[in-house]
Amino acid sequence: MTDRWSLDASDGELVIRTGVTGRAARMGHRLTVAMTRWHAAVDWAGGEPVAAELVVEADSFEVLRGEGGVKGLSGPEKVLVKSNALSSLDAGRFPEIRFSTDDIDKTDEGYRLAGRLHIRGRTREHVIGLRTEDLGDSWRMSAESTVRQTDYGVKPYSLLMGSVRVADEVALSFTAVHRKDD
């Protein structure tokens, strides 16, 4: 018997955190960004997950906050950050970011998901450690992962002739709760 779990942004959150590099890095903001439109599916057989896929709409990018910098990040600056990010991702041509598993292995903390990550028309092998926690009537799932933008043809945004650059590696965190009876 196969069962399928479906999850979306109403079940949790997918957050990206960026760093800043360059000679004038202290002038830049470390960003926290939410991806607000995503869906995941997990297929189960015999009480174990056998396949999982996460699809994120690239244009669902919402800047939550910017830390550091000379001054706080204003509303118009958040709009500019989003515009620059969507341009870097070429979101018009590549509207989805997708992770799909090839292999799922049980671990002490949850599961090891090995698969393929598709960003901006490029595909690379990627491994995610998914932690699971039994909350009684539901399961909490969480994961953290790092992605190097240039591995997917994304040029990190820079300004002041490269003196301030978004760090190549971005940190992703995912948390969701799924009711056991769904």
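1. Start with Q149. This residue is buried, with a relative accessible area of 15%. The cut-off for that word is under 20%, so Q149 counts as buried. Keep in mind that the model is a predicted one.

2. Where does Q149 sit? Its place is in the loop between β11 and β12. So look for Q149 in a loop, and note again that Q149 is buried.

3. Which residues does Q149 touch? Leaving out residues up to four places away in sequence, they are V154, P156, V166, A167, D168 and V170. One of these, V166, belongs to strand β13, which covers residues 164-166. Another, V170, falls within strand β14, residues 169-179.

4. Now follow the chain to β12. Strands β12 and β13 run antiparallel and are joined by two bridges. Find L159 and look across to β13: its bridge partner there is V164.

5. The order is β3-β13-β12, and the pairing is antiparallel. The edges are β3 (20-21) and β12 (158-159). Each has a single partner strand, so one side of each has no neighbour in the sheet.

6. Go back to β11, the strand of residues 138-148. S142 lies in this strand. Is S142 buried or exposed? S142 is buried, with a relative accessible area of 15%.

7. What surrounds S142? Apart from neighbours within four places in sequence, S142 is in contact with G129, L130, R131, F174 and T175. F174 and T175 are in the range of β14, residues 169-179.

8. Strand β14 also has a partner in β2 (residues 12-17). The two run antiparallel, and six bridges join them. Within this pair, V15 stands opposite S173 of β14.

9. β2 pairs with another strand too. That strand is β4 (residues 29-35); the sense is antiparallel, over four bridges. Here V15 stands opposite A34.

10. Finish with the largest nonpolar core. How many residues does this core have? It has 40, and W38, F61 and I119 touch the most other members. Take I119 as the example. Not counting residues up to four places away in sequence, I119 touches L89, I97, V147, Y152 and V154. V147 is in the range of β11, residues 138-148. V154 is also touched by Q149, where this note began.

Technical notes
Residues are numbered from 1 along each chain as its sequence is written. This is a predicted model: local features need pLDDT of at least 70, side-chain atom pairs count only at pLDDT 80 or more; totals for chains, interfaces and linings use all residues. Side-chain values use heavy atoms; hydrogens and water are left out. A nonpolar core is a set of buried Ala, Val, Leu, Ile, Met, Phe, Trp, Tyr and Cys residues joined through side-chain atoms within 4.5 Å. Buried means under 20% relative accessible area, exposed over 50%, partly exposed in between (1.4 Å probe, protein chains only). Contact means heavy atoms within 4.5 Å. Two strands pair if DSSP finds at least two bridges between them.
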